[in-house]
Amino acid sequence: HRSAPCSAPRVPREAARREAKHAVMFRNQYDTDCITWSPAGRIHQIEYAMEAVKQGSAAVGLRSKTHALVASIKKSSNELSSYQKKIFKIDDHMGIAIAGLVPDGRVLAKYMRNECMNYRFTYDGPLQVGRLVAQVADKSQLGTQRAGHRPYGVGLLVAGFDQTGPHIYQTCPSGNFWEYHAFAIGSRSQAART
């Protein structure tokens, strides 16, 4: 029985493994940061964040002439873990439901709570829903301008009531926001919209 030296076959395998690892790490040269545009006019980091929202748990928001509400699916990944909170109270007149990366949603919820508290302390009244949503969208859009930052991988459905009535807003990682009568985000949101 003749055995070959151990180091000879490993050298080509190690080189192939390094090349495969290098090929997997960088899918293309335009997705390493959020300020590099591809030749097709796309920012891949934003598209990845939008895909995280599409794959998140479904959230639905509805409004009538007198009320606005958000709902989300309460499920756990397996029976040994607990569910992750997807609905957050922001102020007495406002709440959000999230789809996407939950830690990013918590960061934005904390920011929104602080803005509401600061406004209430300064002006002794509740912050308008549309004004806060515009501030959150501006904060999300900053992630598309600065190197070293990544976009928030979360979409928000904001339900609130102010002096102009009930509102449902949707924000996305690119910094856009819209107001709706009813909307759904997350996985299977198209079926929820129809």
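## A tour of salt bridges and a sheet

Select Glu179: this residue is partly exposed, with a relative accessible area of 37%. (Buried means under 20% relative accessible area, exposed over 50%, partly exposed in between, with a 1.4 Å probe and protein chains only.) The model is predicted: local features need pLDDT of at least 70, side-chain atom pairs count only at pLDDT 80 or more, and totals for chains, interfaces and linings use all residues. Residues are numbered from 1 along each chain as its sequence is written, and side-chain values use heavy atoms, with hydrogens and water left out.

Glu179 forms a salt bridge with Arg63, with the closest N and O atoms 3.1 Å apart. (A salt bridge is a side-chain nitrogen of Lys or Arg within 4 Å of a carboxyl oxygen of Asp or Glu.) Glu179 sits in strand β7 (residues 177-180) and Arg63 in strand β1, 116 residues apart. (Strands are DSSP E runs of at least two residues, helices H or I runs of at least four, numbered from the N terminus.)

Stay on β1, residues 59-63. Three strands form an open, antiparallel sheet in the order β2-β1-β8. (Two strands pair if DSSP finds at least two bridges between them.) The edge strands are β2 (68-72) and β8 (182-185). Strands β1 and β8 pair over four bridges. Pick Val60: its bridge partner in β8 is Ala184.

Next, select Arg150 and Asp104. Their side chains meet in a salt bridge at 2.9 Å, N to O. Which one is buried? Asp104 is buried, at 7% relative accessible area; Arg150 is partly exposed, at 48%.
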